[in-house]
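I opened this notebook to record what I looked up in one structure. The entries follow the order in which I consulted it.

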Amino acid sequence: MVKNTPTLSIVMPCLNEAENLEALLPQLKSAQPTAEILVIDDGSTDLSKSICEQHGIKVISHPHSLGNGASIKTGARNASGDIIVFMDADGQHNPDDIQRLLSKLAEGYDMVIGARQSGSHASTKRLLGNAVFNKLASFMTGHKIEDLTSGFRAVRANHFRKFLYLLPNGFSYPTTSTMAFFRSALPVAYIPIKAGKREGKSKIKLLKDGLRFFIIILKIGALFSPMRLFLPTSAFCFLCGVINHIDSYVSSGTFSNGSLFLYVASVFIFLMGILSEQISSLHYRNSEKEGHR
């Protein structure tokens with residue numbers, strides 16, 4: 001029996017990227033001539049939409065800027081391909097690397113991410129920030145995460161759409177989708193890429209979006225793997241309570257209120273973890289049912 005070749009859609013969120021699109025679109029059409037290309041115009045005020053139309057590219061426009069994650073969701077809902085490649089419209093991602101993503105995906109993976117090498121990050125601060133996020137997310141998921149925030153990835157559309165409701169509307173969709181795939185036991189792989197330097201000013205604000213990434217990691221961790229968050233926190237509170245108890249007993253022969261507070265906090269956090277684990281199990285079961293429909 002002859003297997004049908006999976007169809008491909010390429011989704012690019014876009015906000016005022018006219019200059020970059022002029023050079024990128026011909027390269028993209030040359031690299032993947034049979035792919036459906038969707039540009040999600042997130043309220044651009046420049047000529048982005050006109051340039052896409054001149055190159056025969058389908059454009060879906062938001063009436064105003066809804067966010068990068070919102071554009072990803074719009075693209076995923078409208079893409080017709082069995083496989084979706086997400087990439088930036090700012091010229092950082094090389095269209096020739098798409099085939100490498102697809103080749104790796106064909107080995108049996110459900111998501112393949114282009115992991116930027118150290119020289120590809122815009123600054124040392126961003127490199128260090130991503131390294132911290134990668135370590136934290138690796139701990140929360142129990143899997144090694146090489147590049148948590150890379151927006152260049154190939155996914156199987158049916159699996160990715162299961163998690164659309166989890167994706168934030170801002171810039172942290174890669175964080176959420178990566179952790180959700182890992183927790184749902186969907187195989188994820190990485191390939192090394194060299195990201196180019198973007199033309200124009202980045203729309204990611206390091207401090208503001210960095211804090212959002214951190215919160216997203218904790219939220220997804222609490223949703224999909226709560227005991228990895230609650231158990232260490234509970235143990236830490238209990239250990240602090242023991243240390244405080246010993247110190248107060250040795251110094252004054254009393255049992256301090258601080259020790260009592262830490263013991264009680266430890267128990268409550270542990271119970272919250274158990275409750276969250278049960279909720280997570282129900283959520284995961286519902287996600288599995290949706291996936292089999």
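Leaving aside its neighbours within four places in sequence, which residues is Ile84 in contact with? I found Ser9, Val11, Ala76, Ala79, Arg153, Ala154, Val155, Ala157 and Arg161, where contact means heavy atoms within 4.5 Å.

Basis of the entries. I note that the model is predicted, that local features need pLDDT of at least 70, that side-chain atom pairs count only at pLDDT 80 or more, and that totals for chains, interfaces and linings use all residues. Residues are numbered from 1 along each chain as its sequence is written, and side-chain values use heavy atoms, with hydrogens and water left out.

Overall. I recorded ten helices and seven strands; these are DSSP runs numbered from the N terminus (helices H or I, at least four residues; strands E, at least two). Of the 293 residues in the protein, 47% are buried, that is, under 20% relative accessible area with a 1.4 Å probe, protein chains only. For contacts with a separation of 6 or more, I noted that 76% join residues 24 or more positions apart.

Cores. Of its 32 residues, Val11, Ile84, Phe86, Phe160, Phe181, Val188 and Tyr190 touch the most other members. The elements giving two or more residues to this core include strand E2 (36-41), helix H3 (68-78) and helix H7 (173-183). H7 gives the most, with five residues. Apart from this core lies another, of 30 residues, among them Leu25, Cys52, Val59 and Met87.

Sheet. I traced an open sheet of seven strands in the order E3-E2-E1-E4-E6-E5-E7, with mixed pairing; two strands pair if DSSP finds at least two bridges between them. Strand E3 (58-61) and E7 are the edge strands, each pairing on one side only. E2 and E3 pair in the parallel sense over four bridges. Ile40 stands opposite Ile60 in E3.

Helix H4. In H4 (residues 98-105), I found Ile98, Leu101, Leu102 and Leu105 buried. Seen down the axis of H4, these buried residues fall within an arc of 95°, so they line one face of the helix; the arc is that of the directions from the helix axis to the C-beta atoms. The buried residues of H4 pack against several elements, including strand E1 (8-14), helix H1 (18-31) and strand E5 (111-116).

Terms used:
Buried < 20%, exposed > 50% of the residue type's maximum accessible area, 1.4 Å probe, protein only. Core = buried A, V, L, I, M, F, W, Y, C linked by side-chain atoms within 4.5 Å.
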